[in-house]
Amino acid sequence: MQVKKVDHIGIAVRSIEKALPFYTDVLGLPFLGIEEVESEQVKVAFLQAGEAKLELLEPLSPESAVAKFIEKRGEGIHHVALGVDDITERIRELKERGIRMIQDAPKRGAGGAWVAFMHPKSTGGVLYELCERTNRTEGHQ
Ligand code: ZN
């Protein structure tokens with residue numbers, strides 16, 4: 001297993017529009033863009049914080065996992081994304097070591113990255129995302 005860096009930290013918010021001024025005006029972080037991830041029913045905004053990014057996640061429907069998270073635990077830190085190469089191989093290694101994955105195969109996340117989540121029951125309560133940023137397009141969904 002090789003983790004290159006913390007790629008980003010995901011933060012659940014009720015409203016990106018309301019949350020954003022704190023990040024851009026108070027913290028002065030560069031705003032990188034906003035997009036909707038249909039498969040997850042979330043709207044996502046990225047901010048650059050030094051070498052890592054912050055990912056604000058706003059639910060687009062009450063059924064989205066982020067909406068359920070906010071309902072249960074309130075707004076706040078949702079997940080930590082670890083930057084890796086060759087994500088398919090990393091998933092295989094983790095499973096071999098008995099780590100439960102939420103996805104057995106990488107899927108497309110925000111910004112065109114390939115992502116897969118580990119189950120918090122296997123990680124001491126933290127929702128970790130594996131995140132591979134490459135230009136490869138094979139398997140594009
Ligand atoms: Zn993320």
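Contact here means heavy atoms within 4.5 Å. Keep in mind that this is a predicted model, where local features need pLDDT of at least 70, side-chain atom pairs count only at pLDDT 80 or more, and totals for chains, interfaces and linings use all residues. Residues are numbered from 1 along each chain as its sequence is written, and side-chain values use heavy atoms, with hydrogens and water left out.

Let's start at helix H2, residues 65-73 (helices are DSSP runs of H or I with at least four residues, strands are runs of E with at least two, and both are numbered from the N terminus). Val66, Ala67, Phe69 and Ile70 are its buried residues, buried being under 20% relative accessible area and exposed over 50%, with a 1.4 Å probe and protein chains only. These residues sit on the same side of H2 because they cover an arc of only 160 degrees around the axis, taken from the directions from the helix axis to the C-beta atoms. Strands E1 (5-12), E3 (42-49), E4 (52-59) and E5 (76-83) are what they pack against. Turn to the other side of H2 and you find Ala65, Glu71 and Lys72 exposed. Just past the helix, Gly74 has a positive phi of about 85 degrees.

H2 also turns up in the lining of the largest pocket, where it gives the largest share, six residues. E3, E4, E5, E6 (107-108), E7 (114-117) and E8 (128-132) are among the elements that each supply at least two. Of the 34 lining residues, Ala65, His78, His79, Phe117 and Leu127 come closest to the pocket's centre.

Methods:
On a 1 Å grid over the protein atoms alone, a cavity is a set of points where a 1.4 Å probe fits but cannot get out, and a pocket is an open set with protein on both sides within 12 Å along at least five of seven lines; lining residues have an atom within 4 Å of a point.
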